Amino acid sequence: NKDEIINSNYFIDQNNINSYLKIFDFVKNNDLKLELYSNIYDRFSKNSKYLNDFGAFLLNINQINEAKIILESSLNNNDCEDSAIFYLASIYVNSNEIEKLKSLLIIIENKYLSESISTLSKEKFKILVEKISPILTSH
């Protein structure tokens, strides 16, 4: 029942948000899923996992500008998910937002230099930088 799911948003907190995000993945109705994500935005607007999942969902339903806003807000978090950076790089390349792509490259370089980043993430960022650098030098 849609009302039961929406009312359950009051039970979602920082301790169980990741479990609810996994449940959201199984919701097939995009209108309902959008409502679920939107209803908890105010409480989880600083939660990187939530922002990443919400942004990815918005991209999936072709709400590119909304996805960009959500994903960009996650960049302000220390624990910004790597995939948010990849999603934003794709958005910026497709919309020819070169200045934003340059800013994102600085974030990538700072993250790349971080001691806490995994070797796999470093490799992925290296590949991303190799792919977007020619775009930046041609402008």
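Because the model is predicted, local features need pLDDT of at least 70 and side-chain atom pairs count only at pLDDT 80 or more, while totals for chains, interfaces and linings use all residues. Residues are numbered from 1 along each chain as its sequence is written, and side-chain values use heavy atoms, with hydrogens and water left out.

The chain holds nine helices and zero strands, and its pattern along the sequence reads α-α-α-α-α-α-α-α-α. Helices (H or I, at least four residues) and strands (E, at least two) are DSSP runs, numbered from the N terminus. Of the 139 residues, 38% count as buried, where buried means under 20% relative accessible area, exposed over 50% and partly exposed in between (1.4 Å probe, protein chains only). Among contacts (heavy atoms within 4.5 Å) between residues at least 6 apart in sequence, 52% join residues at least 24 apart.

Helix H3 (residues 30-39) packs on helix H5 (residues 48-60) at an angle of about 150°, and their axes are 11 Å apart. Axes are lines fitted to C-alpha atoms, for helices over the stretch in contact, and angles run from 0 to 180 degrees between N-to-C directions. H3 and H5 are therefore roughly antiparallel; angles over 145 degrees count as roughly antiparallel, under 35 as roughly parallel, 65 to 115 as roughly perpendicular and the rest as oblique. The crossing of H3 and H5 is left-handed, a term for a near helix turned anticlockwise from the far one by less than a right angle, with clockwise being right-handed. On the H3 side the contact is made by Asn30, Lys33, Leu34, Tyr37 and Ser38, and on the H5 side by Tyr50, Asp53, Phe54, Phe57 and Leu58. These residues divide into six nonpolar, two polar and two charged. Here Ala, Val, Leu, Ile, Met, Phe, Trp, Tyr, Cys and Pro count as nonpolar, Asp, Glu, Lys and Arg as charged, and the others, Gly among them, as polar.

Asp53 of this contact also forms a salt bridge with Lys49, with the closest N and O atoms 3.0 Å apart. A salt bridge is a side-chain nitrogen of Lys or Arg within 4 Å of a carboxyl oxygen of Asp or Glu. Lys49 and Asp53 are separated by about one helical turn because they are four residues apart in helix H5. Lys49 is partly exposed at 31% relative accessible area, whereas Asp53 is buried at 13%.

The whole structure has five salt bridges. In another of them, Lys68 pairs with Glu97 at 2.9 Å between the closest N and O atoms. Lys68 lies in helix H6 (residues 64-74) and Glu97 in the loop between helix H7 (82-94) and helix H8 (98-113), so the pair ties together parts 29 residues apart in sequence. Both Lys68 and Glu97 are buried. Glu72 and Lys100 meet in a salt bridge of 3.1 Å, N to O. Glu72 lies in H6 and Lys100 in H8, so this pair ties together parts 28 residues apart in sequence. Lys100 is partly exposed, at 33%. Lys68, Glu72, Glu97 and Lys100 are linked in a network of salt bridges.

The axes of H7 and helix H9 (residues 119-137) come within 12 Å and cross at roughly 15°. H7 and H9 are therefore roughly parallel, and their crossing is left-handed. H7 contributes Asp82, Ile85, Phe86, Ala89 and Val93 to the contact, and H9 contributes Ser121, Lys124, Phe125, Leu128, Ile132 and Ile135. The residues of this contact divide into eight nonpolar, one polar and two charged.
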